[in-house]
Structures are given as structure tokens and as C-alpha cells.
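This briefing sets out computed features of one structural model. Please view the sequence and the structure below before reading the notes.

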Amino acid sequence: GSGEAMGRGLSEMLESIIKEFGSKANDTFNSQDQLSGSLDRLVQELDQLLENAPLPFIVQHASRISSVKQRVSSMNLVLKSIQRRIDNIHHTLSTNNTLQDRNTEKAAVSETT
């Protein structure tokens with residue numbers, strides 16, 4: 001009856017929201033991955049700058065460059081930690097959805113028998 005129609009409507013709405021969230025989460029992950037790669041390249045370039053710069057430049061700017069390099073490295077570690085947390089949340093949600101789907105299938109089978 002109307003309860004089933006409402007349930008289907010809610011289910012479809014939630015499915016749409018979950019798909020949209022999944023798409024945005026995937027876009028976020030890709031952006032974070034690109035940022036992480038850029039931060040890694042920046043750290044390498046700062047290392048190269050310190051290696052190849054003339055001595056007066058190094059003496060004058062080495063501590064500042066090293067400080068920037070350290071902050072960039074720290075930021076990248078935080079970013080990677082956030083990515084791991086998001087991966088863990090995604091894994092947990094995927095596992096819960098799989099279990100919920102199995103329970104729904106079992107309930108449907110038991111209702112028909």
C-alpha cells in the first residue's frame with residue numbers, strides 16, 4: 001500500500017543521496033591525491049634548491065627554506081592521515097552496507113518461504 005510506496009520513495013531518495021556523496025567523496029580523494037603529489041614535488045624541489053644554490057644564498061636562506069620544507073612535509077602527513085581516515089570510514093560503510101544487503105536478502109527469502 002501507501003507505506004510500501006513511501007518506503008520505496010525514501011529508499012530511492014537515499015540511494016540518490018548516497019551516490020552523490022560517493023561521487024563527491026571520490027572527487028575529494030582525487031584532489032587530495034593530486035595535492036599530495038604536488039607537496040611531494042615541492043619538498044623535492046626545496047631539497048634540490050638547497051643542494052644547488054650558491055653558498056651565499058644558502059647561508060642567507062637555508063633556515064627559511066628548511067622551515068618551509070618541514071611545514072610542507074607536515075602538511076602532507078596530515079593530508080595522508082586524513083585520507084587514511086576517509087578510507088577507513090569508506091571501508092566501514094561498505095562493510096555495513098554489504099551486511100545490511102545480506103540481511104535484507106535473508107529476510108526476503110524467509111518471507112517467501
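The model is predicted, so local features are given only at pLDDT of at least 70 and side-chain atom pairs only at pLDDT 80 or more, whereas totals for chains, interfaces and linings use all residues. Residues are numbered from 1 along each chain as its sequence is written, and side-chain values use heavy atoms, with hydrogens and water left out.

**Helices and surface**

- Helix α1 covers residues 2-52, and helix α2 covers residues 55-112; helices are DSSP runs (H or I, at least four residues) numbered from the N terminus.
- M6, L10, M13, L14, I17 and I18 form a nonpolar surface patch of about 610 Å².
- A patch consists of residues with over 30% relative accessible area and no salt bridge; nonpolar side chains (Val, Leu, Ile, Met, Phe, Trp, Tyr) are joined within 5 Å, and like charges within 9 Å.
- Accessible areas come from the Shrake-Rupley method with a 1.4 Å probe, and for residues only the protein chains shown count as cover.
- I18, a member of this patch, lies in helix α1 and counts as exposed because its relative accessibility is 52%. The classes are buried (under 20% relative accessible area), exposed (over 50%) and partly exposed (in between), with a 1.4 Å probe and protein chains only.

**Largest pocket**

- The largest pocket holds about 370 Å³ of space. Of its 13 lining residues, F21, G22, A25, H90 and L93 are the closest to its centre.
- A pocket is found on a 1 Å grid over the protein atoms alone, as an open set of points where a 1.4 Å probe fits, with protein on both sides within 12 Å along at least five of seven lines; lining residues have an atom within 4 Å of a point.
- Grid points are joined across faces, edges and corners, and the volume is the space filled by probe spheres set on the points.
- Helices α1 and α2 each supply at least two residues of this lining, and α2 gives the most, with 7 residues.
- By class, the lining of the largest pocket has 7 nonpolar, 5 polar and 1 charged residues. Here Ala, Val, Leu, Ile, Met, Phe, Trp, Tyr, Cys and Pro count as nonpolar, Asp, Glu, Lys and Arg as charged, and the others, Gly among them, as polar.

**Second largest pocket**

- The volume of the second largest pocket is about 220 Å³.
- S11, L14, E15, I18, K19, N97, Q100 and D101 line the second largest pocket. Two or more of its lining residues come from each of α1 and α2.
- Helix α1 provides the largest share of this lining, 5 residues.
- The lining of the second largest pocket comprises 2 nonpolar, 3 polar and 3 charged residues.

**Salt bridges**

- The structure has 5 salt bridges, each defined as a side-chain nitrogen of Lys or Arg within 4 Å of a carboxyl oxygen of Asp or Glu.
- One of them joins the side chains of E4 and R8 at 3.9 Å, N to O. Both residues lie in helix α1, 4 residues apart, about one turn of the helix.
- E4 counts as exposed because its relative accessibility is 54%, while R8 is partly exposed at 47%.
- Another salt bridge pairs K24 with E20 at 3.5 Å, N to O. K24 and E20 are 4 residues apart in helix α1 and are therefore separated by about one helical turn.
- K24 is partly exposed at 48% relative accessibility, and E20 is partly exposed with a relative accessible area of 45%.
- The side chains of K80 and D40 also meet in a salt bridge, at 3.9 Å, N to O. This pair links distant parts of the chain, with K80 in helix α2 and D40 in helix α1, 40 residues apart.
- K80 has a relative accessible area of 31% and is partly exposed; D40 counts as partly exposed at 33%.

**Sequence separation and distance in space**

- L35 lies in helix α1 and is partly exposed, with a relative accessible area of 42%.
- L35 and N76 are 41 residues apart in sequence, and 8.3 Å apart in space from C-alpha to C-alpha.
- Q60 lies in helix α2 and is exposed, with a relative accessible area of 60%.
- Q60 and S11 are 49 residues apart along the chain, and 64 Å separates their C-alpha atoms.
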